[in-house]
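Student: Could you show me how to read a protein model? I'd like to go through it one feature at a time.

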Amino acid sequence: MNNTFDTAVQTLIAVAVLAVAVLPAIIGTIRDRRVDTQLRDTEVGRDRRTGVLVVFDLAYGPHEDRVFRAQADRGAE
């Protein structure tokens, strides 16, 4: 009976040590994939939450118009 309990405890300790060693790598991989996905979506100009292309801001108009207005404002100064 005692031998079985010792084996179970040793197995539990081995699994815990393995989890502590492997868990950070798994979490890092998941985080890297999420960041890669966000960067890819940013290059395309897509908002993953809504699925909408982010090339038109309702308050200020298309991106090209905002750039033109910003450059015109700099020239007026």
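Student: Is Phe5 buried or exposed?

Tutor: Start with the general idea: buried means under 20% relative accessible area, exposed over 50%, and partly exposed in between, using a 1.4 Å probe and protein chains only. Here Phe5 is exposed, because its relative accessible area is 54%. Bear in mind that this is a predicted model, where local features need pLDDT of at least 70, side-chain atom pairs count only at pLDDT 80 or more, and totals for chains, interfaces and linings use all residues. Residues are numbered from 1 along each chain as its sequence is written, and side-chain values use heavy atoms, leaving out hydrogens and water.

Student: What share of the 77 residues is buried?

Tutor: Buried residues account for 4% of the protein chain.

Student: Where does Phe5 lie?

Tutor: Helices are DSSP runs of H or I with at least four residues, strands are E runs of at least two, and both are numbered from the N terminus. Phe5 lies in helix α1, residues 2-44. The chain has 2 helices and 4 strands, in the order α-β-β-β-β-α.

Student: Where is the kink in α1?

Tutor: A bend is the angle between axes fitted to the seven residues ending at a residue and the seven starting there. In α1 a kink of about 35 degrees lies at Val22, shortly before Pro24. Just after α1, Gly45 has a positive phi of about 90 degrees.
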